[in-house]
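Subject: Structure handover: salt bridges and pockets

Dear colleague,

Please find below the structure for your records.

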Amino acid sequence: MTGRRSEVREPQQDRSRATRQRLLESTIELLAVHGWAGSTVAEVAEHAGVSRGAAQHHYPTREDLITGALEYMFDSRMTELRGGAAAIGAGPSRTLHVVQGVVDHFTGNLFKAALQVWTAAAADEQLRTRIVPLEAKFGRHAHRTTIEMLGADDADPVVHTLVQATLDMARGLGLADVLTDDSARRERIVRQWADTLHTALDSTGAGRSRR
């Protein structure tokens with residue numbers, strides 16, 4: 001009997017996970033395309049193909065849904081970036097891959113969705129109290145992940161600053177891409193910065209193992 005109950009519970013858990021994933025992915029897509037106003041719980045539920053009641057069962061409030069979606073997609077993206085970098089040997093090609101990956105992160109749907117939420121939070125104190133620590137967490141995680149992918153030493157203050165400059169540059173390129181297609185100019189900048197970054201990291205002595 002215990003085994004049968006377990007068999008019933010597992011499909012239910014699988015369905016529950018699938019429902020949550022559809023809701024989270026739909027939230028990011030709607031935020032990126034339709035903005036904050038077009039991403040209510042009802043609209044997300046409809047886009048995900050689930051009932052509003054089911055959506056609220058998993059995420060009781062809109063803020064729960066939004067922050068859950070941002071965390072889920074951010075963690076997934078960082079894992080994907082680390083996996084891609086690990087497949088490339090040390091050297092300039094790895095540095096280019098890392099810089100390109102970071103820039104792609106800031107020009108993708110997740111960044112566009114997050115930008116909508118950050119803007120809404122600027123005028124909503126209750127939302128801001130949830131978003132400010134989340135944004136700080138994302139910043140720390142992105143910095144740490146970039147350091148890991150580069151195989152650099154974050155204890156070196158020059159390295160720390162160079163990596164932070166990479167993230168700040170990527171964020172700026174993401175903002176430049178919101179209203180117009182900035183891909184041609186962005187490609188040139190990415191290649192130039194990757195060359196500059198690789199040379200600078202090696203010159204610090206904190207990146208010699210990366211060659």
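Helices (H or I, at least four residues) and strands (E, at least two) are taken as DSSP runs and numbered from the N terminus. The model is predicted, with local features requiring pLDDT of at least 70 and side-chain atom pairs counted only at pLDDT 80 or more, while totals for chains, interfaces and linings use all residues. Residues are numbered from 1 along each chain as its sequence is written, and side-chain values use heavy atoms, with hydrogens and water left out.

Pockets

A pocket is defined on a 1 Å grid over the protein atoms alone, as an open set of points where a 1.4 Å probe fits, with protein on both sides within 12 Å along at least five of seven lines; lining residues have an atom within 4 Å of a point. Grid points are joined across faces, edges and corners, and a volume is the space filled by probe spheres set on the points.

The largest pocket has a volume of about 250 Å³. Its lining comprises 14 residues, and those nearest the centre are Phe-106, Phe-111, Trp-118, Glu-135 and Arg-171. At least two lining residues come from each of helix H5 (92–106), H6, H7 and H8. Helix H6 contributes the most, with five residues. By residue class, the lining of the largest pocket holds ten nonpolar, two polar and two charged residues; here Ala, Val, Leu, Ile, Met, Phe, Trp, Tyr, Cys and Pro count as nonpolar, Asp, Glu, Lys and Arg as charged, and the others, Gly among them, as polar.

For the second largest pocket, the volume is about 160 Å³. Among the residues that line the second largest pocket are Met-73, Arg-77, Glu-80, Asp-104 and His-105. Helices H4, H5 and H6 are the elements that give two or more residues to this lining, and H4 provides the largest share, four residues. The lining of the second largest pocket divides into two nonpolar, four polar and three charged residues.

Salt bridges

Seven salt bridges are present in the structure, each defined as a side-chain nitrogen of Lys or Arg within 4 Å of a carboxyl oxygen of Asp or Glu. For accessibility, buried means under 20% relative accessible area, exposed over 50%, and partly exposed in between (1.4 Å probe, protein chains only).

Asp-64 and Arg-130 form a salt bridge with an N to O distance of 3.0 Å. This pair links distant parts of the chain, with Asp-64 in helix H4 (residues 62–86) and Arg-130 in helix H7 (residues 125–150), 66 residues apart. Asp-64 is partly exposed at 23% relative accessible area, and Arg-130 is likewise partly exposed, at 33%.

A salt bridge also joins Glu-71 and Lys-137, whose closest N and O atoms are 2.7 Å apart. Here too the partners lie in helices H4 and H7, 66 residues apart. Glu-71 is partly exposed at 26%, and Lys-137 is partly exposed at 33%.

Asp-177 pairs with Lys-112 at 3.6 Å between the closest N and O atoms. Asp-177 sits in the loop between helix H8 (157–176) and helix H9 (183–204), and Lys-112 in helix H6 (residues 109–122), so the pair ties together parts that are 65 residues apart in sequence. Asp-177 is buried, with 13% relative accessible area, and Lys-112 is buried at 17%. Together with Arg-186, Lys-112 and Asp-177 are linked in a network of salt bridges.

Yours sincerely
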